[in-house]
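Please look over the model below before reading the points.

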Amino acid sequence: MTVDRSRTRRRRNSLNLDEILDAAERVAADGIESLTIRAVAEQLGASPMGLYRHVAGKDELIDLLLDRVLGRMPTVPETADPLHDLACFARTHRDLLADHPWAVPALVARAAPGPNAVPIGEQCLNILARAGVQGGEAVAVFSGVLALNYGWMSFALGRRRPEASASLARIEAGPRGDFPRTAAAGPELAQFGSDRHYDVVLARLCGLPGSA
């Protein structure tokens with residue numbers, strides 16, 4: 001991301017929080033580690049002090065950004081089959097993370113990412129209640145869906161790195177030594193983190209028809 005440093009500075013007190021979050025998201029697209037108050041200020045053509053009138057610091061800015069991302073989670077249409085709906089919920093949540101890859105590490109690191117996490121949990125718990133799963137068991141299943149998606153996206157993002165192709169080729173070729181099952185599975189192992197494998201996992205976990 002390049003910043004036009006020739007832009008004139010904004011008038012004092014002309015910023016609003018939505019503008020700041022828009023700029024912060026553009027900066028974060030290069031990686032959450034690139035997000036600083038100064039970088040966002042430069043993106044806006046403003047002084048860092050102007051941002052501190054709206055956010056206490058980088059940590060609060062990240063919290064607000066993550067909550068904004070979670071607020072984009074759609075509601076899964078309800079059908080007569082709650083297991084189908086659970087799979088749709090999981091896939092929709094996974095797609096949300098895929099659309100915001102920079103947010104995945106920060107979401108994993110935060111136990112309470114913001115108030116917009118509540119409707120996501122409510123949606124999943126409602127689906128599970130219709131399937132006859134409630135209480136602590138429902139919370140465990142919801143946690144499992146989140147763990148699957150955050151872990152899966154970590155795999156998927158790793159596949160996107162330029163240096164991943166050589167590693168995937170080695171996996172596909174298979175290991176040296178007496179590991180016949182691993183060698184035979186090499187081509188499939190090299191597909192870790194793929195959409196097709198994700199669909200297989202969901203089908204198995206939700207008891208839906210599926211094929212490998």
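The notes below take these topics in turn.

1. This is a predicted model, in which local features need pLDDT of at least 70, side-chain atom pairs count only at pLDDT 80 or more, and totals for chains, interfaces and linings use all residues. Numbering starts from 1 along each chain as its sequence is written, and side-chain values use heavy atoms, with hydrogens and water left out.

2. Helix α4 covers residues 58–70; helices here are DSSP runs (H or I, at least four residues), numbered from the N terminus.

3. The contact between α5 and α12 is made by residues including Leu 83, Leu 86 and Arg 94 of α5, and Asp 195, Tyr 198 and Cys 206 of α12. By class, this contact has 7 nonpolar, no polar and 4 charged residues. Ala, Val, Leu, Ile, Met, Phe, Trp, Tyr, Cys and Pro count as nonpolar, Asp, Glu, Lys and Arg as charged, and the others, Gly among them, as polar.

4. The disulfide count is 0, a disulfide being a pair of cysteine sulfur atoms within 2.5 Å. For Cys 124, the nearest cysteine sulfur is that of Cys 206, 9.4 Å away. Cys 124 is buried, with a relative accessible area of 0%.

5. Cys 206 is likewise in no disulfide, and the nearest cysteine sulfur, that of Cys 88, is 9.2 Å away. Cys 206 is buried at a relative accessible area of 7%.

How values were computed:
Helix = DSSP H or I, 4+ residues; strand = E, 2+ residues; numbered from the N terminus. Expected span 1.5 Å × (residues − 1). Buried < 20%, exposed > 50% of the residue type's maximum accessible area, 1.4 Å probe, protein only. Contact = heavy atoms within 4.5 Å.
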